[in-house]
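Open the model in your viewer and get ready to select a few pieces, one after another.

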Amino acid sequence: MYVTAWPSLSPRSMFPPDRRTELPFPLNGQGTSFYTARNAIYHLLRALRFHEGDTILVPDYHHGVEVQAIRAAGASIRYYTVNRRLEPDLDEVARLCRSHPRVLYVIHFLGWPQPIEEMAALCRERGIVLIEDCALALLSKAGERPLGTFGDYAVFCLYKSLPVPDGGLLVQNEKVHADLGRLAQTTCGLTSVGGRSLELVVEWVRSRSNVLGRALGLSKKALAQLLDTLGVARSPAGTAEFDLAQVNLGMSALGRVLLKRFDYEPIRQRRRNNFLRMQNRLAGRVTPLREDLPEGTCPLFFPILVPDKRSMVRVLRQRGIGALDWWSHPASATRTEASSDSQFLRDHLLGLPIHQDVTPAQSEYIADEVLRLELRVRPAHALR
């Protein structure tokens with residue numbers, strides 16, 4: 001069996017759906033689209049006109065490309081700590097806010113909301129701009145409100161949750177900068193968009209027929225090598241680095257079309273059902289990062305803590321499971337003095353796929369293979 005790490009693209013998605021459904025926030029026309037979310041971050045901070053000495057508070061557990069984009073826009077960074085449950089210390093955040101930062105940058109990790117109401121209240125009290133990073137939390141809510149509606153601004157990365165070749169969104173809730181909607185964006189090349197779209201389709205085929213999918217994958221690899229030989233430039237969306245030369249790329253036309261093809265409530269429910277199914281099968285045999293699943297949470301993957309992450313990822317991938325070696329190392333030029341909790345997460349947090357394409361049979365297969373590895377529950381202090 002083969003289980004993709006991320007959602008794959010069904011050929012059916014190329015055709016209009018049988019029925020039209022209302023698009024959820026932020027896909028209902030409230031955002032400005034970009035090729036990637038990191039481009040949105042850069043242009044937002046440029047619009048806010050950061051000057052030397054202006055500070056933005058950022059969690060010390062992060063991917064790295066968002067930090068690169070922030071620095072490229074001219075901002076100085078000060079970090080606040082995140083614990084092993086991916087939660088901030090609100091007392092520490094409040095203390096840091098007394099140092100007069102211009103922005104508090106909040107990352108909603110893996111679909112779970114941060115204590116966003118408290119952080120929003122703190123920002124209102126101090127006159128601090130609040131930016132919600134929802135790159136990992138599309139379709140999630142805190143209570144009845146979608147994540148991304150609490151801050152002054154919010155950014156979303158679409159291709160982490162949906163089978164689109166590219167796409168980031170910037171939402172302006174209160175303080176609207178009209179110039180952000182009039183950016184002179186350029187179009188990404190067909191080879192980049194087409195190549196990534198083909199890869200998503202191949203993944204869909206492979207998850208249904210591993211033999212056929214692998215054959216198609218080899219053909220695609222040969223084509224990619226030919227393009228490299230011919231010197232054809234491509235602009236991949238999911239890289240681990242922020243590229244200032246690509247900051248004006250806009251979202252592809254194909255990506256915008258595909259967003260209208262998906263049925264979003266079933267996507268949310270399938271992710272939640274797969275999470276609960278995995279949780280039930282693995283209970284007591286692995287150490288989950290989070291056992292709670294609030295009603296509004298749309299989980300990105302099933303996060304577990306493992307002693308030897310690199311080894312386990314390799315074994316699971318050999319067994320056809322797209323295990324995620326999640327944020328083991330921050331992007332280059334963003335390394336800092338990390339807290340022990342942040343480093344613990346980089347060393348031990350692994351993701352199991354539970355996205356909308358994962359069938360109940362595939363969920364059972366993933367759980368069976370994880371159980372065969374005979375992981376023992378780590379001591380309780382590992383989660384403190």
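Before we start, one definition: two strands count as paired if DSSP finds at least two bridges between them. Keep in mind, too, that this is a predicted model.

Stop 1: Select β4 (103-107) and β5 (129-133). These two strands run parallel and are joined by 5 bridges. For one of these strands' residues, click Val-103: its bridge partner in β5 is Val-129.

**Stop 2: the two faces of β5.** Stay on β5 and show its side chains. In a regular strand, side chains alternate between the two faces of the sheet. Are the residues here buried or exposed? On one side you find Val-129, Ile-131 and Asp-133, on the other Leu-130 and Glu-132, and all are buried. Since 5 of the 5 residues of β5 are buried, the strand is largely enclosed by the rest of the structure. "Buried" here means under 20% relative accessible area.

Stop 3: Now widen your selection to the open sheet of 7 strands, in the order β1-β9-β8-β5-β4-β2-β3, with mixed pairing. Its edge strands are β1 (31-34) and β3 (76-80), each pairing on one side only. On average, neighbouring strands are turned by 20° against each other, ignoring direction. Click Ser-33 to find its bridge partner in β9, Leu-169.

**Stop 4: helices on the sheet.** Select α1 (residues 37-47), which packs on the sheet and touches β1, β4, β5, β8 and β9. The direction of α1 makes about 160° with that of β8.

Among the buried ones are Arg-38, Ile-41, Tyr-42 and Leu-45. Their cover includes α2 as well as β1, β4, β5, β8 and β9. Just after the helix, click Arg-49, which takes a positive phi of about 55°.

**Stop 5: a pocket.** Finish at the second largest pocket, with a volume of about 810 Å³. Which residues lie nearest its centre? Select Ser-13, Arg-261, Phe-262, Asp-263 and Arg-270, out of 31 lining residues. Helix α8 (residues 264-282) gives the largest share of the lining, 6 residues. Colour the lining by class and you will see 12 nonpolar, 8 polar and 11 charged residues.

Technical notes:
Residues numbered from 1 in each chain as written. Predicted model: local features only at pLDDT ≥ 70, side-chain atom pairs only at ≥ 80, totals over all residues. Heavy atoms only, no water. Helix = DSSP H or I, 4+ residues; strand = E, 2+ residues; numbered from the N terminus. Axes fitted to C-alpha atoms, helices over the stretch in contact; angles between N-to-C directions. Contact = heavy atoms within 4.5 Å. 1 Å grid on protein atoms, 1.4 Å probe; cavity = no way out; pocket = protein on both sides within 12 Å on 5 of 7 lines; lining within 4 Å. Points joined across faces, edges and corners; volume = space filled by probe spheres on them. Nonpolar A, V, L, I, M, F, W, Y, C, P; charged D, E, K, R; others polar. Buried < 20%, exposed > 50% of the residue type's maximum accessible area, 1.4 Å probe, protein only.
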